[in-house]
Amino acid sequence: ALAPLAARPAVAERPPPAPARAPSACTANLASTLAPDHVRMCDPVHVTTTLSMACPVCPNGMNVIFIQDDTPYPEWQKQVSLQALTELEHYARGGRDISIGVIHYNGQGVRQVLQPAINNFGAARGHLTGFRVAHDPRALFLEAAQAGVQMIRRGRNLHGGRATPECELIVFFVYTKVYMADKGQEMIQAGRTLLREVDNLFVGCPHQHPEECTIWEPQVPESQRYYTEDPEGGRLRGMVRDALREIDTKGVVRVRALSLEQMLPAGLAIVPGTFDPKPNKTAQEAGGTRVTWGWRLPKMNETITITYRAQPVTAGVWKSDVSLSMMDSADNRGEHTLASNAITVENDICLTPTPTPPPTATPTQPPPTPTATPTSTPVPTATPLPTPTPSPPPPTATPKPAPIYIPVILGEQCEIGQVHADVVLVVDVSTSMDRPTRSGRSKLAATQDAAKAFVALMDLTPDAHGGSDQVAVVGFNRHAWIEAPLGSDGARIDRAIDDLAKGQAEFTRLDLAFSVGAEAILAGARRAGHTPVVIVLTDGLPNRVPVAEDGTMETTVLRAAARAKAEGITVYTIAIGAPEDTNPVLLRQSATSPDHYFYTPDPEDLDAIYRSIAYAIGCPADRFWGGR
């Protein structure tokens, strides 16, 4: 038998070196001055430092891929593709680099008809209308998605090879028949393949047959918000416009932390109490005094000014060294240093003038007091008294008017059907809604039952004039989507409320709750004369909301709610769960008025809240005498 081989002694492997981080794409405008240029030992020195930060929106450029399916209904796919391209072209005119690629596919193969090139809008326009007019519900969805990933990666090479998923968009056109489950599942898998590569996937169904665009196609994007189908006009362009606006608003890269240090030389001493703003730290060192300031999430493109005074202690020529360090949201660092202007401190004698005392007043001798000489006093003669004149009577006071209260008996009542409304139920579908209520079922289940009870209170049956209430259903967590558009089909609305659970995920984008809730009304089949209403229910604090320039998510949420209210929409807010898990101040401010905010710790009590809102919608105060 062969002897076993001796084990090779283990050799510790050296870990691979960590990849070098790229320098931050953010830039700083930094300046520091000492004034005046020439001073005496007794003169103060004014120190001023200014800085401002700027970060590019998409430092690695933008990549956009159109993946078009052959379709027997070509006009809609051509129209919406060109509309989206026009939106991108307008955006590029602001000095932005956008590379465009185009892919055509069907059941026989995938054709990469236009390779990515920067700002190649003319070539893209021709290829976006060049797909074949054919019907093929068994298209190669997964192969087309894989080709899209390859093309996105080639586009990145045009911008330095770095990936910025927030600045990449893919428009994916798909369709298959409802009974082709294998192709439907492949289509959904193709969407997941693309979403692993980019953040923005917009899906369109270029078909008009009732067997297409029904089951599988709406499940391809991450949210219904990013789905459109023939014959919807302009929706794809709106999705692209919103994505570009969101990129501009929140920025892909921003400064996360900022630190500034100023080294004041030993010949100058800081005058206490003159800092504006106050530093985080001051430290005496051999070469002078080091002063440090720090900021978290500083506002972009706004100037920060630092001022204080120093007093010369040694004659000579002095200047101050300033260093700035920052870390951006991609964890890349930036460093900037500069030296202030030099000043000369002269050892002149600073004479302080002695004040001249005021002259002392000489006292004046008072005049002698005269001595009185006695004289004879004549006897006074009686003087007749004057006849008294009667005084006029005082003026009569003008009476002040006072209110008179007249009793009024009103016979008003709220009749069913008096007012119709377009109502959007916006429901938090975050994972925290799985927590139990006092009955043991989940908060989401209790909320769904209460929402369906609310729908039952709505007047969904057309009256003699064809009027009826309409209800839409919106869910939100890390995204927001319209589960059911405005309509009066009670069974469909109830199914949509039940289906909300299918989209359950983490996080609470409360800003999207208001904006998509408003979109369900403004872009929906709203009816003239109906009262527009959005009811937002949540059990948590906002998170993953883009931070506003003041460093808070709350401002972003309030702005989204304000936009809805500015459109004339009545906004109700409902908080459920533990008090510390919600922000009542934020929700109260987001509502139309404080009276439009409701809270209950247990969703089992939601029925009463929804019933109260239903009554208020059906019988608004302005329909009664005095607006009661």
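The charged end of R96 sits over the ring of Y91, at 4.0 Å from the ring centre. The model is predicted.

The structure holds 9 aromatic pairs. One of them joins F454 and Y610, with ring centres 5.5 Å apart. The planes of F454 and Y610 meet at 50°, so this pair is tilted. Tilted pairs fall between the stacked limit of under 30 degrees and the edge-to-face limit of over 60. F454 belongs to helix α6, which spans residues 443-457. Y610 belongs to helix α11, which spans residues 606-618. The pair therefore ties together parts that are 156 residues apart in sequence. Both partners are shielded. F454 has a relative accessible area of 0% and is buried. Y610 counts as buried at 1% relative accessibility.

Y572 and F598 form a stacked aromatic pair. Their centres lie 6.4 Å apart, with 25° between the planes. Here the partners come from strands. Y572 is found in strand β23 (residues 570-576), and F598 in strand β24 (residues 597-600). This pair ties together parts that are 26 residues apart in sequence. Y572 counts as buried, at 6% relative accessibility. F598 counts as buried too, at 18%; the cut-off for buried is under 20%. Elsewhere, ring pairs link Y105, F141 and F172 into a cluster.

Two further positions were examined. I482 lies in strand β21, covering residues 480-487. Leaving aside residues up to four places away in sequence, I482 touches Q224, V473, V474, V516, E519 and A520. I482 and A496 are separated by 14 residues in sequence. In space, their C-alpha atoms are 9.3 Å apart.

T555 is located in helix α9, which runs over residues 553-566. T555 is buried because its relative accessible area, 17%, falls under the 20% cut-off. With residues up to four places away in sequence left out, T555 touches A548 and D550.

Conventions. Residues are numbered from 1 along each chain as its sequence is written. This is a predicted model: local features need pLDDT of at least 70, side-chain atom pairs count only at pLDDT 80 or more; totals for chains, interfaces and linings use all residues. Side-chain values use heavy atoms; hydrogens and water are left out. Helices (H or I, at least four residues) and strands (E, at least two) are DSSP runs, numbered from the N terminus. Contact means heavy atoms within 4.5 Å. Buried means under 20% relative accessible area, exposed over 50%, partly exposed in between (1.4 Å probe, protein chains only). Rings of Phe, Tyr and Trp (its six-membered ring) pair if their centres lie within 6.5 Å; planes under 30 degrees apart count as stacked, over 60 as edge-to-face and the rest as tilted. A charge sits over a ring if NZ of Lys or CZ of Arg is within 6 Å of the ring centre and within 35 degrees of the ring normal.
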